[in-house]
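User: I am new to this structure and would like to learn how to read its aromatic rings. Please take me through them one feature at a time.

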Amino acid sequence: MQAQFSVLRLFAILAVLIPASLAGTAEAEDPNQVGLVNKVEKLAQVISDAGATTAQVGTAVHLKDELRTGDGARLQVTFRDDTLLTLGEHASVRIDRYVYEPDQGVGETVLQATKGAFRFATGKIKELKDKKVAVSTPVADIGVRGTEFWGGPINAKYGVLLLEGEVTVSNQAGSVKLADSGQGTDIPSPLDAPGAPAAWPAEKVARAIDSVALH
């Protein structure tokens, strides 16, 4: 009788655990999930068609979600390929497209940064044969090659600062390539060509980095 009770109890436990395990597996295999919130300071949100969710460490980020930060806030997201995206305060970035299929050698990240400052560090996608990484900003598009860079408002203009690798910054008025760490370009408006690449002064670099720094 005691043995029969133990077997029944085991089945009861399995009945609870197995569905939970399957649910976790289904969530992990959600094709629209592109990453997770890694760090957050103050108020930040992940906004989807279903509404706004207050960002916390572990919050899932999906394709077409908008990441938004409030006053004094910071938000960092880790994508499935270990790409890191960090937002400063009053920033907004939308995940327009994300594909990471290492078995096929295919990867793509397309973001739309509409407000505020951000820092972007390419993950394993840079190792794939067929890849595309691009960030659209209010004044120019940034083509990325295995790179870490900063973008955002600075000195009453929009700036792009290269930290590592190479980026191409272009709009309808012109295009420049940043290929040396510490080089930046300033873009006054979408109608003005990106400024010639130049090494940013240490004070300007520090202000840019601080605008997205996690404390």
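User: Which charged end sits over the ring of tryptophan 200?

Analyst: A charge sits over a ring if NZ of Lys or CZ of Arg is within 6 Å of the ring centre and within 35 degrees of the ring normal. Here the charged end belongs to lysine 204, 4.1 Å from the centre of the tryptophan 200 ring. This is a predicted model, where local features need pLDDT of at least 70, side-chain atom pairs count only at pLDDT 80 or more, and totals for chains, interfaces and linings use all residues. Residues are numbered from 1 along each chain as its sequence is written, and side-chain values use heavy atoms, with hydrogens and water left out.

User: How many aromatic pairs does a search of the whole structure find?

Analyst: A pair of aromatic rings is described by the distance of the centres and the angle of the planes. Rings of Phe, Tyr and Trp (its six-membered ring) pair if their centres lie within 6.5 Å; planes under 30 degrees apart count as stacked, over 60 as edge-to-face and the rest as tilted. The search finds four pairs. One of them joins phenylalanine 118 and phenylalanine 149, edge-to-face, at 5.7 Å centre to centre and 85 degrees between the planes.

User: Is phenylalanine 149 buried or exposed?

Analyst: Buried means under 20% relative accessible area, exposed over 50%, partly exposed in between (1.4 Å probe, protein chains only). Phenylalanine 149 is buried at 0%, and phenylalanine 118 is buried at 1%.

User: Which residues do ring pairs link into a cluster?

Analyst: The cluster consists of Phe118, Phe120 and Phe149.
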